[in-house]
Amino acid sequence: MPLTPLDIHNKEFAKGFRGYDEDEVNEFLDQVIKDYENIIREKKELEERLNELTDRIGHYNNIEETLNKSIVVAQEAAEEVKRNAQKEAKLIIKEAEKNADRIVNESLSKARKIALEIEELKKQSKVFRTRFKMLIEAQLDMLNNDDWDHLLEYELDATELNSTK
């Protein structure tokens, strides 16, 4: 067991013939006691400082561990968000492709319908043109017909008859 300042202070030496000077020994022991008390006080302060630093290191280790766990959780959450975003992007692309296919198919269907309507209008136009041409030709035939000349002659004869009366 280590000595205490009190042990040093209470230490009694046996006196012998021609022994040491008692005052000198007491002064030396007083100096040793002071130095020993200072060393014990410094040791106690250092132990307290060591305990404080150990507590702080423990606290910082806890913070570090918590931060590491938080980083891992954040990385996992980021990966999950990334995976979900990729899934959502794929779904959006798939939906867009379906809509694009539907729009293209509707456009092709409308284009076919319009092409059929154009063909029908061309046929109707041709029929109308043919009928109109036939009507005009019939009217021209009527104009070119000699019946008009007889009608004019008849008209002239009727006028002459009326003037002679």
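These are my notebook entries on a predicted model of a protein chain.

**Ground rules.** I number residues from 1 along each chain as its sequence is written, and my side-chain values use heavy atoms, with hydrogens and water left out. Local features need pLDDT of at least 70 and side-chain atom pairs pLDDT 80 or more, while totals for chains, interfaces and linings use all residues.

**Overall fold.** I looked up the helices and strands (DSSP runs: H or I of at least four residues, E of at least two, numbered from the N terminus). I found 3 helices and 0 strands, so the pattern reads α-α-α.

**Surface.** I checked how many of the 165 residues are buried (under 20% relative accessible area; exposed is over 50%, partly exposed in between, 1.4 Å probe, protein chains only). The answer is 2%.

**Aromatic rings.** I searched the whole structure and got 1 aromatic pair (ring centres of Phe, Tyr or Trp, the latter by its six-membered ring, within 6.5 Å). Phe 128 and Phe 132 are stacked (planes under 30 degrees apart), with 5.9 Å centre to centre and 10° between the planes. Both sit in helix α2 (residues 22–144), 4 residues apart, about one turn of the helix.

**Exposed or buried?** I looked up Phe 128 next, and it is exposed at 57% relative accessible area. Phe 132 is partly exposed at 44%. Ile 136, also placed in helix α2, is partly exposed at 38%.

Methods:
Phe/Tyr/Trp six-rings, centres within 6.5 Å; stacked < 30°, edge-to-face > 60°.
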